Amino acid sequence: MRSLFPGVTLLCLLASPAHAQLRKVDDVSLAAANTLANAALAACQAQGRHIVVSILDRGGNVVAVQRADGVGPHNTDASRRKAYTALSTKNDTYALAAAARNNPDMSNLTTVPELLLLGGGLPLMAQGQVVGAIGVAGGGGALQDRACAQAALSSLPELDLPSP
């Protein structure tokens, strides 16, 4: 019986995955989130616009939220939901909103409770992988919110810039 135990133990060890490892994943740090938020606020303030900006990590957790003075309270949740939509769908929310309007197969996206199909949300990509998302709200419309979010991306050289 004693000689059977080492053999069974060895078989159990051999049956486990040979190369099981944890994946290394990049994520948005607090410092990176604050850099992005400050850049978005500055871009909008330069145009006389006041916004709320939310940055989410790759898991959908809020890393940073900043709100300029005088922005309506509903914009805080809108910026988070735009970021969540961009993260979840891995798409620019402005383009996603247009696609949902023009493609009957995508129109049901407007009924998913957490998604907000308005411009201003962008996935944050690094080396082709989603590492987080930015959402901007309160800038006076979808195109203005989107422009402020896009301007923020250039503040972090590690991020992939979207194609024009």
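1. Strand 1 spans residues 52-57 and is mostly covered, with six of its six residues buried; helices (H or I, at least four residues) and strands (E, at least two) are DSSP runs numbered from the N terminus.

2. The model is a predicted one, in which local features need pLDDT of at least 70 and side-chain atom pairs count only at pLDDT 80 or more, while totals for chains, interfaces and linings use all residues. Residues are numbered from 1 along each chain as its sequence is written, and side-chain values use heavy atoms, with hydrogens and water left out.

3. Strand 1 pairs with strand 2 (residues 62-67) in the antiparallel sense over five bridges, two strands being taken to pair if DSSP finds at least two bridges between them. Within this pairing, Ile55 has Ala64 of strand 2 as its bridge partner. The hairpin of strand 1 and strand 2 has four residues between the strands, and Gly60 there takes a positive phi near 90°. Strand 1 also runs antiparallel to strand 4 (residues 129-137), to which six bridges join it, and Val52 stands opposite Ala137 in strand 4.

4. A disulfide, which here is a pair of cysteine sulfur atoms within 2.5 Å, joins Cys44 to Cys148 with an S to S distance of 1.7 Å. The pair links distant parts of the chain, since Cys44 is in helix 2 and Cys148 is in helix 5, 104 residues apart. The torsion about the S-S bond of Cys44 and Cys148 is about 115°, so the disulfide is right-handed. Both Cys44 and Cys148 are buried, and by the rule used the count comes to one disulfide.

5. Lys90 has a positive phi of about 60° although it is not a glycine; Lys90 is found in the loop between helix 3 (74-89) and helix 4 (93-102), and Lys90 is exposed, with a relative accessible area of 56%. Gln127 has a positive phi near 55°, has its place in the loop between strand 3 and strand 4, and counts as exposed at 71% relative accessibility.

6. The largest pocket has a volume of about 210 Å³. A pocket is an open set of points on a 1 Å grid over the protein atoms alone, where a 1.4 Å probe fits, with protein on both sides within 12 Å along at least five of seven lines, and its lining residues have an atom within 4 Å of a point. The lining of the largest pocket comprises 13 residues, of which Asp92, Leu122, Pro123, Met125 and Pro162 lie nearest its centre. Strand 3 (121-126) and helix 5 (142-153) are the elements that give two or more residues to this lining.

7. The second largest pocket holds about 180 Å³ of space, a volume being the space filled by probe spheres set on the points, which are joined across faces, edges and corners. Its lining residues include Asp26, Val28, Leu36, Gln127 and Leu159, and helix 2 (30-45) and strand 3 each supply at least two residues of that lining.

Key. Buried < 20%, exposed > 50% of the residue type's maximum accessible area, 1.4 Å probe, protein only.
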